[in-house]
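I opened my notebook to look up salt bridges. My plan was to take a few pairs and ask where each partner sits.

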Amino acid sequence: MKRVLIICTILVCALSIEVSAQKRLWALVMSKGVGYTQQAWRTRTHFPEQEIKDLWAEGYQITALTYAEMRWALVASKGTGYTNQRWFTGETFPADDIKKGWDEGYSITHATFGNKRWVVVMSKGSSMALQAWRTRTYFPETEIKELQNDGYYITNLTYGNGIWALVMSTGVGYTHQYWTTKSTFPDTEIKDYWDKGYYVTSIEYGNGTWALVMTKGSKHTNQAWRTRYNYPDKEIKELWDDGSYITYLSSSFDYQTLSPGTTERKVDYPVVRTPHSLNKVNSVTVTADYTVVSLSYTGTGNSCINTKTYLEDTKTKTKYNLLWATGIPFCETSFTKSSKDYTLYFQRIDSATSEFDLVEPEGENPFTFYGIAMTGGSAPSVNPVAQVATKAEPVGLPPILSIEDITFSENTIDAEETAQLKVTLKNIGPGDAKNVQLNLESNLSQLSFGSKNVFPTIAANGGMQTVTVNVKASLDLPSSMALIRLEVVEPNFKVKIQGKQLSVPTREFRKPELLLAKYAVIENQSASPNNQIDLNEMVDLQFAVQNVGQGNAENVSVLVENNQKGVMFLGVVKGQQLVREHPVYSSIASGGYETVTYRYFVNSEFSDPELKFSIKANERVGRFGFATPKTFAINTKLEETGFIRNIAVAEQVNPGKVVIEDIPDFVVDVDTDIPATSVTRSNVYALIIGNEDYSSRQMGLSKEQNVDFAINDANMFALYCEKVLGVPKRQIKVMLNATAAEISQGIAWLNNLASIEGSSAELIFYYSGHGLPHEQTQEAYIVPVDVNGMNLEYGIKLNDVYKRLSEHPVKRISVFLDACFSGGARTQSLVAVKGVKVKPKESPIPANMVVFASSTGTESSAVYRPKRHGYFTYFLLKKLKESQGSVTLDELSSYVSKNVSKEAGLDGKVQNPQVSVNPSLGDTWKSWKVK
């Protein structure tokens, strides 16, 4: 197994360790075998928000992020397996944001601290199942051990703001893990554990300590590391050329520890033989840790300092690298600013040195110096700060103001949007600037800027202040170009700065339009079901609210009113529950719709010939809703009314496409009149999963790759478990659009209950969604919504499901799979497996398990669109309804198989359900009763 090390000369290594004292060291780890296909890095003095967005747009994902030497170092990679990514930042560790991300299926994949802020990166599509994080002021040794005992492994460890932040995860494929802490870079430990088959998965410096984590079971196949005083750009390029990728990047340099320290030697005034005419060297101080050079810039233009600047001993030619700079930015492309007094921190020079050069190689700004000679030497000051005399501010001296920076938070401002305009002023004059006002005006009256915008006092001699103005656009904003003119006024000395103007594109409001697209009243429960409205029965008013406008309808509220005697409002159907709240939807996209169900009880006091409803929907603006009266006759066969509209979407939103969505039939026989049993089966537990929406969870997928009606499949099967099979509601877990982590948690929930209930337990596992075969192994996988065919290894093996369900001895396990595992799908597969379907390898069935599968071999599992179900689920429910659950498994199998094959065949499809059991059961399973 290949390993790459750096060998340095004794002289250079010894000097490096002595000079740096571990205070400045970049640690680079690069690996092979991690699956990355491309990689890019960026360094910026500002947080690289735009760079992240740009790399995301090119298909990269964040894999490393650190802060040192006044700059952020970002690494992004392709081939990570992540399907989506987000990041959070804040002065405190973002606990609430992490919880929200977890709830939405994201996992922490990186965390760091820099420039007084925490940054946490979360991703979908990682293999992590469960996660836990801890923050401690001490190194979290106890917490690591506790979580390791629960099967967790360290996946991120960082230090910042006096706190260690630890992230540990399950489901990452690790088998063993070693960690240690050292005061010096742990090179010996890395080499020793490489020889034992471990690889570096985390290395972090904090509070004077290097923390190393090495792991077995990772994807790495070989690894190399480098330590450098400067950002290791050359080393990265060399190892990239060798086929390695950056897997960890950290630095031991902490800007918060920079201070003058105890002065060992202070030179009164260095002699500059060939100084640059625009610069003045004020002092050179040698401390216990640094060489501090204080300078002044006398020019008027903007400037910056090259990160490769160094001090060079004129006799020995020893170089001392630049560690930090204050008062002047590091150079980046087109990044300069006005600088007056600034300080450069270098590695501590040898005390014997008396003369050196300050060199800025490759620089094209006015900061190249030669031959600074250190002469003389006054006695060191014990407390130099205390000896600095303070003077009262000169009275009557004017400020000299300049606009330092202007930023606008949006590239385009939309109607009703509020953007932030930030203006930074600098005062290089001898007097403070007080009560400075920012005046704004625009060519568009639909933009407003709030009231008085006043800067805080801007201190003399280089002080800066920023004011933030909310720019609000009204609803009537046109599509145009807004010109925002800025004027700065200092009233005391009558200073006025004009001539700054912003040009910002504006976009008019895209109007939504809500209408009642489709509606029906259907029986819910009746003593005598007859598909019409009768007295003393529950009925559902079901309707679809569609947005046929060009813009999204936001904060949509729905209200139904009925004031008739004898009509009792029971609630709005939400999943399997009734809620006494009227529905509110955050957004309905152009062409989209929401289906709503209001449930009522019509009692004996009702005497009118028809039911009368007022159906209303409104949206945020209040102009684009509807209020529609509808009536439904009593003792008349129920029929649905209305149709779906196809909406052409405006070119600016989605060029060349038409949104077409089908509103399903409201009156579906298996979804109504569900028979209810009086039996309660307290020993039965059901896990029911409906995975429908894959396209909104993964980049590059279309709506055609969703699994139509999988949510309806799952919800109705759950209702049948409760009503027909008598399973207590609390013992039914329904998971909709479940991620890999959520499915694993659901199976763990069912497994735990099986262990508690014991041998009398009966388990039901139902899944409607995508299934896929692994292209090489042909193993069948259940596909979570955050996994696709390109990263199938992060899915759930069907064989693993069977194993986990049968881990504890139980009475019986019933598995229902409305999914094919051949690479086919209800509409489009998640991936084309070499253009052909693959016959999945059969998984062994445990002895007490019966598996009902919706299709066989290379077939697809189709959708029965008029019934809003998969063919398999529809006929499964239909037989349970007809038999009220009193049916043998053989009768159920025969009915479902015959009817699915027939109806699918009439629609030109081939689908043959099958039953799989362990051969040891013989035919005994056929006589088992469903209930």
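This is a predicted model: local features need pLDDT of at least 70, side-chain atom pairs count only at pLDDT 80 or more; totals for chains, interfaces and linings use all residues.

Entry 1: How many salt bridges does a search of the whole structure find? I got 22.

**Entry 2: E104 and R86.** I looked at this pair and found their side chains in a salt bridge, at 2.7 Å from N to O. I placed E104 in the loop between α3 (95-103) and β7 (107-114), and R86 in strand β6 (residues 84-90), so the pair ties together parts that are 18 residues apart in sequence. Is R86 buried or exposed? R86 has 19% relative accessibility, so I noted it as buried, because the cut-off for buried is under 20%. E104 has a relative accessible area of 30%, and I noted it as partly exposed.

**Entry 3: K99 and D103.** Here I found a salt bridge whose closest N and O atoms are 2.8 Å apart. Which element holds the two residues? Both are in helix α3, 4 residues apart, about one turn of the helix. I wrote down K99 as partly exposed, at 44% relative accessibility. D103 is partly exposed too, at 48%.

**Entry 4: E416 and R620.** I found these side chains meeting in a salt bridge at 2.3 Å, N to O. The pair links distant parts of the chain, 204 residues apart. E416 is in the loop between β27 (413-414) and β28 (418-427). R620 is in the loop between β41 (610-618) and β42 (626-633). I noted E416 as partly exposed at 33%, and R620 as partly exposed at 35%. I also saw that salt bridges with shared partners join E416, E554 and R620 into one network.

Technical notes: Residues are numbered from 1 along each chain as its sequence is written. Side-chain values use heavy atoms; hydrogens and water are left out. A salt bridge is a side-chain nitrogen of Lys or Arg within 4 Å of a carboxyl oxygen of Asp or Glu. Buried means under 20% relative accessible area, exposed over 50%, partly exposed in between (1.4 Å probe, protein chains only).
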